[in-house]
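Hi there,

I am passing a structure on to you, with some notes on what turned up in it. Please have a look at it first, and then read on.

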Amino acid sequence: MASDLEDRVRAAIRDKLLTMKIPEKENDFLPSSCCLLEKQRELSEVEKTFTATKEEFQKKMEYLQQRRQKLGHKEGQLKQAILKFDKFLKENDAKRKRAMQKAEQEKKQLAQKDVEAERLKAEITRLMARKTKLQQRLEAHKPFSEYLQRVLEKMEQFQEISELIDRFQALMATQVNLVRREQLAREAVEEERRCLQCYLDDSSNRVMQQNNLVAELRGRLEQTLAKVLELESNWICIQNTAAGKTLELGQVKLAALNLFQMVAKHRKLPMNVSKEDTEAQLDAVQLCIEDLTTILADFCKAEPTQQPPQPEKKTPSQASTSASRSQLQTRTQSLHSK
């Protein structure tokens with residue numbers, strides 16, 4: 001039972017030591033007033049822990065003293081029992097051995113408690129040194145507390161220093177948030193700037209491509225215009241040639257029509273030939289010329305025989321008429337073919 005009680009005491013002391021909050025390294029980024037208040041709170045907690053540990057240690061020492069007295073009393077009773085009941089102890093030697101083992105274990109536990117007490121003393125010494133250090137730091141930060149108190153007296157909107165510190169922390173958090181938002185906005189602006197630069201590069205490449213295409217099309221247009229000018233010049237030449245040929249054809253047709261009219265009037269032929277049928281007109285003129293040539297030949301044969309026969313020759317009129325007719329037919333065919 002005593003061993004169980006000591007185990008519970010040891011577990012309670014271990015839990016106390018584990019749950020003790022030892023101040024960590026000071027955060028250099030916090031304001032001095034915050035550090036001062038934090039150190040005051042830590043100092044009060046250390047003092048409370050130290051007081052509770054000291055009281056608990058005294059209670060444990062009293063309990064151990066009582067336990068030691070009880071053990072001495074039990075040891076005396078055990079010696080008397082050994083003297084009076086030697087035979088009974090021999091019969092119950094096994095029980096005695098177990099009791100001795102238990103006593104040895106309790107002695108070991110007592111030694112462990114002594115070691116634990118020494119360790120707690122060392123821990124108390126360390127905590128006292130920590131307390132002294134914190135007190136020194138508290139004294140060093142005392143001007144900041146006084147400064148905050150003076151600021152609080154001048155500002156009516158705050159009633160306590162904690163409210164002022166909370167306001168300061170809120171402003172610091174707001175500043176951090178604004179800095180973060182500014183950073184995000186700058187990153188967004190840089191991203192948009194990169195997109196704009198990419199768009200400008202792409203647009204410049206497109207403009208260069210379009211300029212190259214325009215230059216190519218302009219070259220093709222100039223070539224086409226030159227070819228059109230050449231074709232127009234050829235067309236004008238063709239039109240001029242066609243006009244000359246048309247005029248010449250009109251003159252030939254008019255001459256053929258005049259000859260046909262003269263022949264028809266001379267021979268009193270019907271004027272049933274179309275004015276556009278130049279070949280029929282020339283055929284009629286040719287028939288008239290052949291008739292006149294035959295008549296002229298017959299007239300020459302009917303002249304006196306004293307004259308020596310002369311070789312038959314075509315008359316100039318017949319030759320010229322035949323030549324002119326053939327020339328007219330040739331020119332007419334060439335003009336029609338053109």
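Helices here are DSSP runs of H or I with at least four residues, strands are runs of E with at least two, and both are numbered from the N terminus. Arg119 and Glu116 form a salt bridge, and their closest N and O atoms are 2.5 Å apart. By salt bridge I mean a side-chain nitrogen of Lys or Arg within 4 Å of a carboxyl oxygen of Asp or Glu. Arg119 is partly exposed at a relative accessible area of 37%, and Glu116 is partly exposed too, at 24%. For these words, buried is under 20% relative accessible area, exposed is over 50%, and partly exposed lies in between, with a 1.4 Å probe and protein chains only.

Before going further, a word on the source: this is a predicted model, in which local features need pLDDT of at least 70 and side-chain atom pairs count only at pLDDT 80 or more, while totals for chains, interfaces and linings use all residues. Residues are numbered from 1 along each chain as its sequence is written, and side-chain values use heavy atoms, leaving out hydrogens and water.

How confident is the predictor? The scale is pLDDT, the predictor's confidence in each residue, from 0 to 100. The chain averages 77, and 75% of the residues score at least 70. Confidence is highest in H6, at a mean of 87, and lowest in helix H8 (residues 316-337), at 52. Over residues 305-321 the pLDDT is below 50, and this stretch has four contacts in the model beyond near neighbours in sequence. A contact means heavy atoms within 4.5 Å.

Now the overall picture. The chain has eight helices and zero strands. Of its 338 residues, 18% count as buried. Among contacts with a separation of 6 or more, 69% are between residues 24 or more positions apart. The chain exposes about 26700 Å², of which carbon and sulfur atoms supply 56%; accessible areas come from the Shrake-Rupley method with a 1.4 Å probe, and for residues only the protein chains shown count as cover.

The structure holds nine salt bridges in total, and two of them can be found in helix H6 (residues 161-267). Glu191 pairs with Arg194, with the closest N and O atoms 2.4 Å apart. These two residues are three apart in H6, so about one helical turn separates them. Glu191 is partly exposed at 37% relative accessibility, as is Arg194 at 46%. Further along, Arg206 and Asp202 meet in a salt bridge at 3.5 Å, N to O. They are four residues apart in H6, again about one turn. Arg206 is exposed at 51%, whereas Asp202 is partly exposed at 35%. As background, an α-helix has 3.6 residues a turn, so residues three or four places apart point the same way.

H6 also carries Tyr199, which is exposed with a relative accessible area of 53%. Together with Leu196 and Leu200, Tyr199 makes a nonpolar surface patch of about 320 Å². Patches are made of residues with over 30% relative accessible area and no salt bridge, joining like charges within 9 Å and nonpolar side chains (Val, Leu, Ile, Met, Phe, Trp, Tyr) within 5 Å.

For a buried residue, look at Leu43 in helix H2 (residues 32-84), which has 8% relative accessibility. Which residues does Leu43 touch, not counting those up to four places away in sequence? They are Lys131, Leu134, Gln135 and Leu138. Leu43 and Leu138 are 95 residues apart in sequence, yet 9.1 Å apart in space, C-alpha to C-alpha.

Last comes helix H7 (residues 278-301), whose 24 residues should span 34 Å at 1.5 Å a residue; the end C-alpha atoms are 35 Å apart, which agrees. The expected span is 1.5 Å times one less than the number of residues. The buried residues of H7 include Leu282, Val285, Cys288 and Ile289.

Enjoy exploring it!

Best wishes
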